[in-house]
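Hi everyone, thanks for coming. I'd like to walk you through one model today, starting with its metals and ending with a helix.

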Amino acid sequence: HVDQALYKAKQFGRNNYQFCSHNVKLDKAEAFVSFEDNVQRAIRNNEFYLVYQPKFNLSTKRVEAAEALIRWAHPTKGLVVPNDFIARAEENDLIIPITQWVLEQVGKQIKEWQVAGFKDIPISVNISPNHFEKGTLVEDVLTMIEKTGINPKSLIIEMTERTMVHDVEKTIETIKQLKEIGLKMAIDDFGTGYSSLSYLMKLQVDILKLDKSFVQELTDQKNASLVHSIVSLAHHLNLCVVAEGIETEDQYNILKQYGCDSGQGYFFSKPLMSDQLERVFLSKI
Ligand code: C2E
Ligand code: MG
Ligand code: MG
Ligand code: MG
């Protein structure tokens, strides 16, 4: 299975990963219209699908949330991963219909899990900066909640630091509206962007997701101290800290010792198909 092969290669290093993903990479020379047609067709024909990566509480090791991650089963290119099409979709706002599709799927899935009687596990969705900027995000979220009737508390919006620097005032306002609906907000890939601590204090966010680059360098003493400080600081600001990309038991132990609240990564689980995640719900709760 391609997905599995990709993940294996990814774990063995960057070069292998690039080698494996090369043949599924979208041809950069493809004309804009063609990419747009591709995406429109993909939405119509259900070529996109979602995988879910569980997030675990570091003290209890129980699953407490999951992140929806998009995959594209392209008819001729095979599996296309988000790093090979999201940036391009952001350039021409195709990311908006894609995200509307993601929100709809996540809504249906949450509803299905609620009906089946699983414990309410919030699901997070990644939102691109231009979706905040275009101003349809609040409306799109409301439409989805109305259609599915899910509890807004079951939805987490992940935004990156890039969103804040785009248009601070608009971002603050949008977050305020999303919070009024009852959603939780997370800052994704924290530490990789240009945001400053002053932004962090201005935004009503609930969760800080520490980027995996920090987790991968915990053996470096300076970096480890920085991580420890970020966790303390976030707690002082009443934020929950989620570490991304935990791959080893050592990383898990250090982060737990630093008081980091939750974690996501191959050490716990790779992203899963929804029925596989159901099995995790059943086994860990
Ligand atoms: P992200 O939101 O930071 O998601 C985490 C990424 O790290 C995922 O890659 C996940 O599969 C990967 N990962 C999880 N555990 C580990 C680990 O232990 N080690 C390593 N090395 N990686 C790990 P993925 O699914 O390829 O997604 C890449 C990025 O694409 C995401 O980063 C997110 O920014 C974007 N993305 C994914 N789905 C969507 C979507 O539906 N909409 C938008 N706008 N962006 C998306
Ligand atoms: Mg994310
Ligand atoms: Mg992330
Ligand atoms: Mg990341």
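Before we look at the metal sites, one definition: by donors I mean N, O and S atoms within 2.8 Å of the metal, and water is not among the atoms, so sites may look incomplete. Please also keep in mind that this is a predicted model.

Let's begin with the magnesium ion (ligand 2). Which residues coordinate the magnesium ion (ligand 2)? They are Glu-67 through OE, Asn-126 through OD1, Glu-158 through OE and Asp-188 through OD, at 2.0 to 2.2 Å. If you like to read sites along the chain, the spacing of these donors is E-x58-N-x31-E-x29-D. Glu-67 sits in strand E2, residues 63–74, and Glu-158 in strand E5, residues 155–160, so this pair ties together parts that are 91 residues apart in sequence. Both of those glutamates are worth a look for accessibility. Glu-67 is buried, with a relative accessible area of 5%, and Glu-158 is buried too, at 1%.

Now for the neighbouring metal. How far apart are the magnesium ion (ligand 2) and the magnesium ion (ligand 3)? The two ions are 3.5 Å apart, and Asp-188 coordinates both.

The magnesium ion (ligand 3) has Asp-188 (OD), Asp-189 (OD) and Glu-244 (OE) as its protein donors, lying 1.6 to 2.5 Å from the ion. Along the chain, the spacing reads D-D-x54-E. Asp-189 belongs to strand E6, residues 184–190, whereas Glu-244 is in the loop between strand E8 (240–243) and helix H13 (249–257), so that pair ties together parts that are 55 residues apart in sequence. As for accessibility, Asp-189 is partly exposed at 24%, while Glu-244 is buried at 9%.

On to the cysteines. How many disulfides does the structure hold? The count is 0. Take Cys-240: its closest cysteine sulfur is in Cys-260, 9.0 Å away, which is too far for a bond. The cut-off for a disulfide here is a pair of cysteine sulfur atoms within 2.5 Å. Cys-240 is partly exposed, with a relative accessible area of 35%, and Cys-260 is buried, at 3%.

A quick stop at the backbone. Lys-61 has a positive phi, near 60°, in a residue other than glycine. You'll find Lys-61 in the loop between strand E1 (48–57) and E2, and it is partly exposed at 36% relative accessibility. Asp-93 also has a positive phi, of about 65°, although it is not a glycine. The loop holding Asp-93 runs between helix H4 (86–91) and helix H5 (95–115), and Asp-93 is partly exposed, with a relative accessible area of 25%.

Last, that helix I promised. Which residues of H13 are buried? They are Gln-251, Tyr-252 and Leu-255. Looking down the axis of H13, these buried residues fall within an arc of 100°, so they line one face of the helix. On the face of H13 turned away from the buried side, you can find the exposed residues Asp-250 and Gln-257. The cover over the buried residues of H13 includes helix H11 (212–216), helix H12 (221–236) and E8. After H13 comes Gly-259, with a positive phi near 90°.

That's my tour, and I'm happy to go back to any part of it.

Note on methods. Residues numbered from 1 in each chain as written. Chains lettered and ligands numbered in written order. Predicted model: local features only at pLDDT ≥ 70, side-chain atom pairs only at ≥ 80, totals over all residues. Heavy atoms only, no water. Donors = N, O, S within 2.8 Å, 3.2 Å for Na, K, Ca; no water. Helix = DSSP H or I, 4+ residues; strand = E, 2+ residues; numbered from the N terminus. Buried < 20%, exposed > 50% of the residue type's maximum accessible area, 1.4 Å probe, protein only. Arc of directions from axis to C-beta. Contact = heavy atoms within 4.5 Å.
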